[in-house]
Amino acid sequence: MGGTTPRCRETRSKCGKKIGWRPTLRRTPPMTSSCPLSVFDLDRTLTIHGTWSPFLLFAARRRAPWRLAFAPLVVCLMGAYKARLLTRKRLKQAMQRLMLGRAVDLDVVTDLAAAYAERSMANNIYVGAIASIAAERAAGRRVVIASAAHLYYLEALADRLGVADVVGTASMWHGRQLTPRIAGENCYGANKRRMLEHWLAGQEIDRAHAHIRFFSDDLSDLPTFEWADEAVAVNPSKKLLDLALRRGWTVYDWRQAAARDRAFRARTATQRN
């Protein structure tokens, strides 16, 4: 049992049949030299909408539509979290248990994550986000996505964004079976900063010799904003915007461009019909 998403390394014949399988772990070669890092949050920073609840609904609809009947219970769980009766970690575990079940095979998880990532790339990624990632990379910076999203779909989405390094919420696996339990902590708030520090150590990057630029939309990421050398508020909430303006942080807002793009697509679709 482990907390890192198993990766299915397969050899396939021309017809696509699996003829070999062994689990591997996603690894990035250590980088020992000083390195400028650009760390992006995911939900509502790179994406237009959140990803966790939509992923669960997407997965239930494709795998077991009858589980959609549990959606009202999920809403009740969210209410319990708002009332501080549940931690965010316990909330996410309970939501996954309801919408995905006690155990899901690795192949099923991989297929669901890939399909969800493709859908997200088509309609839930800011154009400005893609351009910003490209600009950071062109400037010689190593791009990392750090998110509360679960690694089993975060990795698939990061792959499609061309990002090799991710820090996210790990799951407990029983062999090939995904369970609802979170391994360690949910990568949120102060935990995100601690998990990034742990990732740096694992990559053999000396924090004192690394310049870190951090991008996020929400004040919950304040511990990481204050840990970074450079803070960038992206599509900020009002509270984050006020803080960013007081502290002189850079502010990016890709929402208006996205709204114009949606309006243009809607007009085009209407004209075609």
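Q: What is the handedness of the crossing where α1 passes α3?
A: In this predicted model, α1 passes α3 in a right-handed crossing.

Q: Why are α1 and α3 called roughly parallel to each other?
A: Their axes lie 9 Å apart and the packing angle is about 15 degrees. Angles under 35 degrees count as roughly parallel, and α1 and α3 are therefore given that label.

Q: Which residues of α1 and α3 meet?
A: From α1 come Trp52, Ser53, Leu56, Leu57 and Ala60, and they meet Lys92, Met95, Gln96 and Met99 of α3. By class, this contact has six nonpolar, two polar and one charged residues.

Q: Why are α2 and α3 described as roughly antiparallel to each other?
A: The axes of α2 and α3 come within 10 Å and cross at roughly 175 degrees. An angle over 145 degrees counts as roughly antiparallel, so α2 and α3 are classed that way.

Q: Which residues make the contact of α2 with α3?
A: On the α2 side they are Leu73, Val74, Leu77, Met78 and Tyr81; on the α3 side they are Arg88, Leu91, Ala94, Met95, Leu98 and Met99. Sorted by class, the contact of α2 with α3 holds 10 nonpolar residues, no polar ones and one charged.

Q: What makes α1 oblique to α4?
A: The axes of α1 and helix α4, which spans residues 106–123, come within 10 Å and cross at roughly 120 degrees. The roughly perpendicular range is 65 to 115 degrees and roughly antiparallel needs an angle over 145, so α1 is oblique to α4. The crossing of α1 and α4 is right-handed.

Q: Which residues bring α1 and α4 into contact?
A: Pro54, Phe55, Phe58, Ala59, Arg61, Arg62 and Arg63 in α1 meet a set in α4 made up of Val108, Leu112, Ala113, Ala115, Tyr116 and Arg119. The contact of α1 with α4 divides into nine nonpolar, no polar and four charged residues.

Q: How many cavities of 30 Å³ or more are counted?
A: The count comes to one cavity of 30 Å³ or more. The largest cavity holds about 30 Å³ of space.

Q: What lines the largest cavity, and how does that lining divide by class?
A: The lining consists of Phe55, Leu100, Val104, Val109, Leu112, Ala113, Tyr152 and Leu178. By class these are eight nonpolar, no polar and no charged residues. The largest share, three residues, comes from α4. Phe55 of α1 and both Leu112 and Ala113 of α4 are also in the contact of α1 with α4.

Q: What is the volume of the largest pocket, and which residues lie nearest its centre?
A: The largest pocket has a volume of about 880 Å³. Its lining has 29 residues, and Arg44, Tyr81, Lys82, Arg88 and Tyr188 lie nearest the centre. Elements giving two or more residues to this lining are α1 (52–63), α2 (71–82), α3 (88–99) and β5 (142–150).

Q: Which element gives the largest share of the lining of the largest pocket, and how do the lining residues divide by class?
A: The largest share is four residues, from α3. The lining of the largest pocket divides into 11 nonpolar, seven polar and 11 charged residues.

Note on methods
Residues are numbered from 1 along each chain as its sequence is written. This is a predicted model: local features need pLDDT of at least 70, side-chain atom pairs count only at pLDDT 80 or more; totals for chains, interfaces and linings use all residues. Side-chain values use heavy atoms; hydrogens and water are left out. On a 1 Å grid over the protein atoms alone, a cavity is a set of points where a 1.4 Å probe fits but cannot get out, and a pocket is an open set with protein on both sides within 12 Å along at least five of seven lines; lining residues have an atom within 4 Å of a point. Grid points are joined across faces, edges and corners, and a volume is the space filled by probe spheres set on the points. Ala, Val, Leu, Ile, Met, Phe, Trp, Tyr, Cys and Pro count as nonpolar, Asp, Glu, Lys and Arg as charged, and the others, Gly among them, as polar. Axes are lines fitted to C-alpha atoms, for helices over the stretch in contact, and angles run from 0 to 180 degrees between N-to-C directions. A crossing is left-handed if the near helix is turned anticlockwise from the far one by less than a right angle, and right-handed if clockwise. Contact means heavy atoms within 4.5 Å.
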